[in-house]
Amino acid sequence: MKVPEKSVRDTTFEELAMPLFDQLYNFARWLTQDTAEAEDLTQETYAKALRGFSSFQMGTNFRAWMYRILRNTFLTSRTGLKNTVAIDEDTDEALLPVENTTPESSLIQQASREMVQQALTDLPVHFREILLLCEVEEMSYQEIAETLGIPMGTVMSRLYRARKALRDLLRKKNEGVRHGV
Amino acid sequence: MACEQWREQLDRYVDGELDPAQASALSAHLRGCADCAADALERVQLKRSVQMAGKRYTASTELRNRIAKTIAAKPRHGVGWYWKILTLPAFALLMLAVAVNLYVGHEDARRQRVYSELADLHVAALAGSTPVDVVSTDRHTVKPWFQGKIPFTFNLPELQGSEFTLLGGRVTYLAQTPGAQLIYHVRKHEISVFIFQDRGEGAGLPEGLEHPQSFNVQTWTQNGLRYFVVGDVGAEDIRALSKLLRGAG
Ligand SMILES: [Zn+2]
C-alpha cells in the first residue's frame with residue numbers, strides 16, 4: 001500500500017489523483033445532493049485538474065488543490081449557484097463567543113447516524129462542506145483555508161458556527177422524536 | 001485561567017490545532033475539571049458522529065473506470081523537484097476503510113468508534129509531554145498507584161524474559177468510563193494496554209485481533225474487565241503482550 005518516495009519526474013497525475021477518487025466523490029455527492037450531478041462534478045474535476053496539472057506547484061498540497069477545483073466547479077454549477085448565499089457573517093473578529101451551554105453528550109450519543117446525516121443535509125452548504133473537510137477528510141485548519149480560499153481565522157469562526165448549527169438541528173430532531181412528531 | 005478561557009481553546013484542542021505546550025496545559029486542566037472535560041468529550045463525540053455520518057456515499061465502479069481511463073498515464077510532472085507523497089498512502093488506506101465501512105451496521109459503528117477513540121487515546125498519550133502519570137517499570141509500583149483512582153483492580157504480568165518493558169500508566173476515559181492505560185515498550189514502539197470494567201461503550205465487543213486504521217488491536221474480557229491492547233506494532237507483538245496479560249489477569 002505504501003507509495004514509494006519518488007522523484008516528481010516519475011509522478012503521474014493518475015498516481016496522485018486516483019487515490020483521492022472515493023473521498024472526492026463522497027464530497028461531491030454531499031455538495032450536490034444528487035447522484036448524477038455528483039458523477040458529473042467528479043468527472044469534471046478530474047478533467048480540469050488534469051488540464052491544470054502542469055501548473056500545479058509541486059510541494060504544495062495536492063489534496064487541497066483537488067478539493068478546491070471540485071468545490072469551485074460546484075459553486076459555478078447551476079446547483080451550486082442556487083445554493084450559494086452570501087456568507088458575510090463570518091469575519092475573523094467575530095470569533096467564538098463562549099456560550100454557557102451544558103454539554104450535550106447524551107444528545108449526541110442518542111443521535112443515530114441517519115439523524116446526523118439528515119442534519120448535515122439540512123445545513124447550508126458552506127457549513128456542510130467545512131464540517132466534512134474537518135471531520136471526514138480530517139484536514140488541518142491550514143488545508144481547509146487553502147481549499148476554501150479563506151483565512152485561518154475564518155476557518156475557525158465558520159467551523160464554530162457550523163458546529164453550533166448542527167447541534168441546534170440535532171436538538172430539534174431529538175425533541176421531534178421524543179414528542180413523536 | 002478561568003474555565004471560560006480554556007473552553008475557547010477546546011475546539012482547537014479536539015481538532016489537534018493547539019501547539020504541544022498549549023495542548024498539554026489544557027490536558028492538565030481537563031484532568032482536574034469535570035465540567036470542561038465533559039465539554040471536551042461532547043465536542044469529540046460530535047466530531048466522531050459527523051465523521052461516521054459523513055462517510056456515506058460510494059461511487060460506482062463504472063465512474064471510477066471511466067475517469068481512470070481518461071486520465072491514464074497522462075503527463076509526468078516535469079519539474080525537478082523531489083516531493084514526498086506524504087498523505088496519499090494514509091488516505092488510500094482510509095478510503096479503503098471507508099468503502100468497507102459504508103454498509104456496516106450499528107454494532108460495527110460502535111466498534112469503530114471504540115477503536116478510533118482508543119487509537120486517539122494511544123496517540124494522544126504518546127504525543128503529550130507526559131505520556132504517563134506514574135512512571136515506573138515496576139508493576140508493583142504501578143498497580144497500587146491506581147488504587148482509589150479507578151473503581152477496580154487488575155493484575156500485571158511479570159515481564160522478565162520477554163521483550164516488553166513497562167513504562168508506566170495513567171488514568172484514562174472511554175466514553176466517560178474511567179479505566180487504566182498502561183504503556184509498554186517493545187523495540188522502539190509503544191503499546192497501550194487499556195483496562196475498563198466490561199460495561200458501557202466497550203462492552204460486548206467481539207474478542208480478537210483487529211486492524212483498524214494503522215493499529216493492531218486485540219481485545220478480550222476477563223474477570224469482568226475489558227482489555228484492549230493497541231499499538232502500531234505487528235500482530236505477533238500484540239498477541240504476545242496479550243498472552244502475558246491474560247496469564248496475569
Ligand atoms: Zn474548567
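A residue is called buried under 20% relative accessible area, exposed over 50% and partly exposed in between (1.4 Å probe, protein chains only). Most residues other than glycine have a negative phi. Glu138(A) is another non-glycine residue with a positive phi, near 50°. Glu138(A) sits in the loop between helix H8 (125-136) and helix H9 (141-148) of chain A and, with 43% relative accessibility, is partly exposed as well.

This is a predicted model, in which local features need pLDDT of at least 70 and side-chain atom pairs count only at pLDDT 80 or more, while totals for chains, interfaces and linings use all residues. Residues are numbered from 1 along each chain as its sequence is written, chains are lettered from A and ligands numbered from 1 in the order written, and side-chain values use heavy atoms, with hydrogens and water left out.

As for confidence, chain A averages a pLDDT (the predictor's confidence in each residue, from 0 to 100) of 81, and 75% of the residues score at least 70. Residues 1-9 of chain A stay under 50, and the model gives them 23 contacts (heavy atoms within 4.5 Å) beyond four places in sequence. The stretch 90-98 of chain A is also below 50, with 19 contacts beyond near neighbours in sequence. Where pLDDT is low, the predicted coordinates should not be read in detail.

Over in chain B, the zinc ion has as its protein donors (N, O and S atoms within 2.8 Å of the metal, or 3.2 Å for Na, K and Ca) Cys3(B) through SG, His29(B) through NE2, and Cys33(B) and Cys36(B) through SG, at 2.0 to 2.4 Å. Angles of 102 to 117° among the 4 donor atoms make the site tetrahedral (four donors, all angles between 85 and 135 degrees). Along the chain, the donors follow the spacing C-x25-H-x3-C-x2-C. His29(B) and Cys33(B) are both buried.

Turning to the rings, the whole structure holds 15 aromatic pairs (Phe, Tyr or Trp ring centres within 6.5 Å, using the six-membered ring of Trp; planes under 30 degrees apart are stacked, over 60 edge-to-face, the rest tilted). Phe146(B) and Phe154(B) pair edge-to-face, because their centres lie 5.5 Å apart and their planes meet at 65°; both are buried.

Terms used:
Four donors count as tetrahedral if all angles lie between 85 and 135 degrees; four count as square planar and six as octahedral if opposite donors are over 155 degrees apart and all others between 65 and 115; anything else is irregular. Helices (H or I, at least four residues) and strands (E, at least two) are DSSP runs, numbered from the N terminus.
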